[in-house]
Amino acid sequence: MKMRRFLSVATVALTLSLLVANGVAAAPLPPSKAKINWRQFEGQSITVLMVAHPWQKAVEPLIPQFEKLTGIKVNVVVQAEDLFWDRSQLGMSSPNPPFDVTYLAMGINGLTAYKNGWLEPLDEYLNNPKLTDKNWFEFDDFFPADVAGFRMPKPDQGKVYGIPMAGEVYLNFYRKDLFKQHGIDVRKLKTMDDWLKAVKSLNLDTNKDGKTDIYGATIRGANAGIIDELNAMVADYWGDAPYQTDRFVYFDENWRPRFTDPRIVAAFATWGELMKNSAPGVTSFDWYECTTQFAQGRAATYWADASLFASIFEDPKQSAVVGKVGYAPLPATKNGHNTALFTWGLAIPARSKHKGPAWLFIQWATSQAIDLEVSQKTFASPRKSTWDNPTFKKALPEGLGEAVAASLAVARPSIMYVDAADKVILRMLDALHAIALGTPAEKAMQKLQDEATQIVKEAGLYK
Amino acid sequence: MPRQRAITAYGYLLPSIAVLGAVVLYPVLFGLYASFHDWNWALGQAEGWKWTGLGNYLTLLRDGYFWHSVGVTLYFTVVAVAVEFILGFAIALLLAQDIKGAWFFRAATVFPLMVSDIVAALLWGMILNPSLGILNYGLSVLHLPGPDWVGNPQLVVPTLAAVDAWWQTGNIVLILLAGLSGIPKDRFEMASIDGAHGWRMLWHITIPSLMPFILVALVFRTIDCLRVFALAWGITSGGPLRASEFSQLFIYTQGFGRLFNMGYAAAASVVFALIVGVVVIFYVGPMQRRLSA
């Protein structure tokens, strides 16, 4: 009896201590606990340029907390993503930038700003004890692949020019209910070919009028913004073979393009095949059209796109498929299993007149505590501590955490630090359109190879 | 005191000259200057201009994608202006009659003009969406096939021309209506006494009297169609396979839109402006002859 009582007391004690321990892990220290003087720039005001985006929607309501903590006034300017690209570059190029903090995209957007000297290096802010409480901020808590996109000019060793705040890894979305109805067991879909077979069998005519109402797939096909998603597919086909991190897999060490490499041809061919199994008009689908197709229940799968779109599909105000969505990493190819990731960060224009308060804002907005709160709405945290946090795990839709974790484990930053990279990307889009419209993949890719060779030759990279 | 008067006149003109200089002349000269430089922001040259002489122009001459965009633009312009003119002329003739409720039809024709180009583009982007849009839904209710309006390279330009016609035909209607109201009624009465009516009246009286108005309407619409941008930017992004990549979209992509190769975009703008100029001269010649006659 005594023994039993001891055991039960011990069990309760152990449970309590675990709860306490979990409780500590569950609640990162709030900004007020950071050992810096948050009020050192009191009375100043800053302007923050944001993209209309889930992170912006989640963080904006919290900004009054920052203003109260620091006495700094924050003006937020929000731009639609289409309009953001030139506004951010033009703003940074100005002698008086109209903003002090800006969204910065991993890749070419960041590199262009870096090359013109428009970005403030942030290492000195991170290492200045007056401005940053390093122990509290825990910069090492960010996934290295997310930070890599803001290190320039080399993704693995350059200075840091942006702090990540919304990471997206590319994975597949599928309709659990449709798969079940048609007897497709996702656990048995092991390879890309298995998935493609499933996609083709899910072009459905539900009302028997002779026309397809639900398409097997939806996938981007519209403009050069496709590159990060396409890179996920290419990474998957590229497998585990090494490559130069600054130019993705598309160029070898001597800058010779690799668009006729069978792995890259296969990736483009698969993308084209998925476009053929999408709703008509796919060549004008950007993320908005794709998420609409999927959220309206018009597509059985949505391929290789941003994990953060789960926040749209699970929102009853925006989605007719709440609770019906499954999440899966990209299927393995015969070369291995990979994907790509892309990250938005926050940066300071080098010519800003309010760099101190701008840094305090970035530090606050990307801190563990704020990230935990924001990420419960975006599902897009770039911090490991958030993904390990029980509160966050509970907020995730069923299956998303596992799919993201499996994808993050193999994800490669979608970075192409290539002079004239954008020119190459536009030709890549041409190749995809040609394949989707019926040109054999080998032929379209040979044309792309020739054009890319010309472009890198003109840029003086490939002799 | 003619000299005094001239000074006063220039004094009055000065504000307009200053404003026009700032918003027209300066950008034009700046663009011209930029077009002779390597000024590629993507290469970090935002503040480091490099003189390249005719370099950008020589590259442009060899750039098949630029000339493709010029071809697409001309094709769009011919189709759109033809459709808008035929429709606009027919509607103007109908509205010039004193039919009941003409005010309603006038307002209905002019209404789309109040919509900005980008709004028209986004609106039609949704309507034309083959699987979610209302147009193909309407066709399916009538058991008619719904084509892939903007995803088919053969169909995309005529489709965009049709959208432009919805949006801009009212312009032609307004101009021609003004012309029609200015034709003296007695001409028609005299012709009808002579036994003319219908097509003959149209051919021999209406069209000749309207000619200056027709030319003005055609010049306006042609220039407008040549600089088409938002329809492609908002609906197709230039696709599929560049089938709707109009010159303005090409220039935008070279510059602010994507590549930030500002010098090259400036050179493309200059060349395209010259092409527009040549097209306009084709109209202005006959117009002047007609006016002086």
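1. Start with helix α15 of chain A, residues 355–365. This helix is mostly covered: eleven of its eleven residues are buried. Among them are A:Trp359, A:Leu360, A:Phe361, A:Ile362 and A:Trp364. A:Lys355 and A:Gln363 are buried too. Keep in mind that this is a predicted model.

2. Now pick out A:Phe361. Which residues does A:Phe361 contact, leaving aside its neighbours within four places in sequence? They are A:Ile46, A:Val48, A:Phe66, A:Val74 and A:Val101.

3. A:Phe361 also matters for the next count. The largest nonpolar core has 193 residues. Within this core, A:Phe268 and A:Phe361 touch the most other members. Helix α20 of chain A, residues 421–436, gives the most to this core, with eleven residues. Both domain 1 and domain 2 of chain A give residues to this core, so it lies between them. In soluble globular proteins, nonpolar side chains tend to be buried together.

4. A second, separate core has eleven residues. It includes B:Ile91, B:Leu176, B:Leu177 and B:Leu210.

5. Next, the domains of chain A. The contact between them takes 32 residues from domain 1 and 25 residues from domain 2.

6. Look at the side of domain 1 of chain A that touches domain 2 of chain A. Elements giving two or more residues to this side include α5 (108–115), β6 (163–175), β9 (339–347) and α16 (368–378) of chain A. Which element gives the most? The answer is α19(A), with six residues. By type, this side divides into 20 nonpolar, seven polar and five charged residues.

7. Step back to chain A as a whole. Chain A has 21 helices and ten strands. Its radius of gyration is 24 Å, close to the 23 Å that the globule rule gives for 463 residues, so chain A is as compact as a globular protein of that length. The C-alpha trace spans about 75 × 65 × 40 Å along its principal axes. Of the 463 residues, 52% count as buried. Take the contacts in chain A with a separation of 6 or more: residues 24 or more positions apart account for 77% of them.

8. Finally, the two chains together. How many residues of chain B are in contact with chain A? There are 27, and they meet 26 residues of chain A. The side of chain B that touches chain A divides into 14 nonpolar, nine polar and four charged residues.

Conventions:
Residues numbered from 1 in each chain as written. Chains lettered and ligands numbered in written order. Predicted model: local features only at pLDDT ≥ 70, side-chain atom pairs only at ≥ 80, totals over all residues. Contact = placed C-beta atoms within 7 Å. Nonpolar A, V, L, I, M, F, W, Y, C, P; charged D, E, K, R; others polar. Helix = DSSP H or I, 4+ residues; strand = E, 2+ residues; numbered from the N terminus. Rg over C-alpha atoms; globule rule 2.2 N^0.38 Å. Buried ≥ 20, exposed ≤ 12 C-beta atoms within 10 Å, placed from the backbone. Core = buried A, V, L, I, M, F, W, Y, C linked by C-beta atoms within 7 Å. Domains from an automatic or database assignment.
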